[in-house]
Amino acid sequence: MLPPELTTHGARLGEARLRALMAADPGRAASLLMAHAGIELDCSKQRLDRASLVALVAHLEGLGFAARRDALLSGGIVNASEGRPALHMAYRHGARVEGSDAERLVDQTQAQTRAFAERVRAGDFRPGGKPVSRVINIGIGGSDLGPRLVADALTHHAEGGPELRFVASLDPSDLQHAVAGADPETLLFVIASKSFSTQETLMNGQAAREWLAGHVGEAQAGRHFAAASAARDKAVAFGIDPANVFDFPDWVGGRYSVWSAVGLSLETGLGPDVFAAFRDGARSMDEHFATAPLERNLPVVKALVDFWNRAVLGHPARCVAPYSARLALLPGYLQQLEMESLGKSITPGGEPASLPGGALVWGGSGTEVQHSFFQWLHQGSDVTPVDFIGIARHFTSDDPRERVLAANMVAQGAALLDGVQLPAGDDPALAAQRSMPGGRVSSVLLLEALTPATLGALLALHEHKVFVESVLYGINPFDQWGVELGKVLTKGILDGELSGYDASTRAMLARTGFVSD
């Protein structure tokens, strides 16, 4: 339940004019602005003030946040339903696990993946007798979304190296696109699957192997594969050289796994030094999260703002709008990170949660989205907070396109806040249609520049934000039983065990010819 203090502040601020809040507090811009690791967070356009932020921090502290954060950082069992720690931070040396088996495994794996990536990039790894020119990552969920985002965002930092492509969908065209135009003898496939049993990944891996075998022969095909997996025996049985199977332990969740051996394709395609800088940026945010005062702590404040909008003010969704083409995949990445982690309504004790759980996350890249769904944000009846994500150097760029991009981002935030009455002459009906109500909140995350380090810090910020929100909502952010349900039901359909399915589902399967009547 919400404490009375937050309910009172919510009632006071829920309908407050944002301009009035700014006028009432000359220090507002500074108190709701903070920065670390090349990222600035500006919450001054939120329907918050210093008093409500103090109340939010006090509420978080009252939930025992300090002890929960310590358990997370030190390898405690924070995923109670599966009896596991969540040690993805160990892969950027941001967890307190010095001298542990986890630290030794991380150091060993990182040395192995770096050496492998350097061999591939130097042309010394030649599974088909030729240097590797293209690496194709086969995964799904976190084993795809994270690597795909980072590859797209940092390709301009790549230090030479093979081209990167990705396969996730069971639609055969996805694999066809990934191999199109390639010399099969120069391909390396990386299968990223913790269990080495994920249906989509295994089927795509097998299809890739069959395609390769048709070009290089069955005996040769397995040499073109590497894997990130906890199931080494299954990967070896698939035909992968044991030396090219890299540990992906069960204490790293899929949506937190890009820092681990799941990043092998990135380390190979972008270069080990670029990947190391990406991890370093995340580690800097880890340290900030662990030590900064809560009221100036970027992940904590971002979580408090999002919790405030969702649980106190009742906004069910949040839009993420990066004004950078290289970050176009970020909304999709955050969808999985946040909605798979916070899309729950049951507490770890098995009781119905008293709060609604995390918000729906959606979005797209600017300025394209201004010509699609921003109409809904400005004039629709549902109010949705917006996260603008921009690049500071665009504001002073010599390229006029980047300056216009930056100006558009700022203008959209101002328009959401103030609204406007566009000229309509003396036609009252037209005037009503050309009126934007304003009063719609937004935040800005501004990166100094899009570098490996700032991208790493940005992703780590959101990881920690999700953890803070899980404390506020009283849920476990590290399991995903809703995902598991879909796998179980799919197996039942494939096995033809349909007696437990509803009449509509059975009729559709019969109508489409998937099963006989």
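Q: How many disulfides does the count come to?
A: The model is a predicted one, and the count of disulfides in it comes to zero.

Q: Is Cys-43 buried or exposed?
A: Cys-43 is buried, with a relative accessible area of 1%.

Q: And Cys-319, buried or exposed?
A: Cys-319 counts as buried because its relative accessibility is 0%, and the cut-off for buried is under 20%.

Q: Let us turn to the strands. In what order do the six strands of the open sheet come?
A: The order is β1-β2-β13-β10-β8-β9, and the pairing is mixed.

Q: Which are the edge strands?
A: They are β1, residues 33-36, and β9, residues 360-363; each of them pairs on one side only.

Q: By how many degrees are neighbouring strands of this sheet turned against each other?
A: On average they are turned by 20 degrees, with direction ignored.

Q: In what sense do β1 and β2 pair?
A: β1 and β2, the latter being residues 39-42, pair in the antiparallel sense, over four bridges. Within this part of the sheet, His-36 stands opposite Ile-39 in β2.

Q: Which strands does helix α17 lie across?
A: Helix α17, residues 400-418, lies across β10 (386-391) and β13 (442-447). Relative to β10, the helix runs at about 160 degrees.

Q: Now the aromatic rings. How many aromatic pairs are there?
A: The count comes to 17 aromatic pairs. One of them joins Phe-196 and Phe-238, with 5.7 Å centre to centre and 70 degrees between the planes, and this pair is edge-to-face.

Q: Why does that pair tie together parts that are 42 residues apart in sequence?
A: The reason is where the two residues lie: Phe-196 is in the loop between β5 (187-192) and α9 (199-216), whereas Phe-238 is in helix α11 (residues 232-238), so the pair ties those parts together. Both Phe-196 and Phe-238 are buried.

Q: What about Phe-374 and Phe-388: how far is it from centre to centre?
A: The distance is 6.2 Å centre to centre, and with 55 degrees between the planes the pair is tilted. Phe-374 belongs to helix α16 (residues 374-379) and Phe-388 to strand β10, 14 residues apart, so described as a link between distant parts of the chain. Phe-374 and Phe-388 are each buried.

Q: Which residues do ring pairs link into a cluster?
A: The cluster consists of Tyr-323, Trp-362, Phe-373, Phe-374, Trp-376 and Phe-388.

Q: Over which ring does the charged end of Arg-92 sit?
A: The charged end of Arg-92 sits over the ring of Trp-259, 4.5 Å from its centre. Elsewhere, Arg-69 lies over the face of Phe-289, at 5.8 Å from the ring centre.

Q: One last topic, the glycine. Where does Gly-83 lie?
A: Gly-83 lies in the loop between α5 (65-73) and α6 (101-122). Gly-83 counts as partly exposed because its relative accessibility is 48%.

Q: How far apart are Gly-83 and Gly-366?
A: They are 283 residues apart in sequence and 41 Å apart in space, C-alpha to C-alpha.

Notes. Residues numbered from 1 in each chain as written. Predicted model: local features only at pLDDT ≥ 70, side-chain atom pairs only at ≥ 80, totals over all residues. Heavy atoms only, no water. Pairing = 2+ DSSP bridges. Axes fitted to C-alpha atoms, helices over the stretch in contact; angles between N-to-C directions. Contact = heavy atoms within 4.5 Å. Buried < 20%, exposed > 50% of the residue type's maximum accessible area, 1.4 Å probe, protein only. Phe/Tyr/Trp six-rings, centres within 6.5 Å; stacked < 30°, edge-to-face > 60°. Lys NZ or Arg CZ within 6 Å of the ring centre and 35° of its normal. Disulfide = S-S within 2.5 Å.
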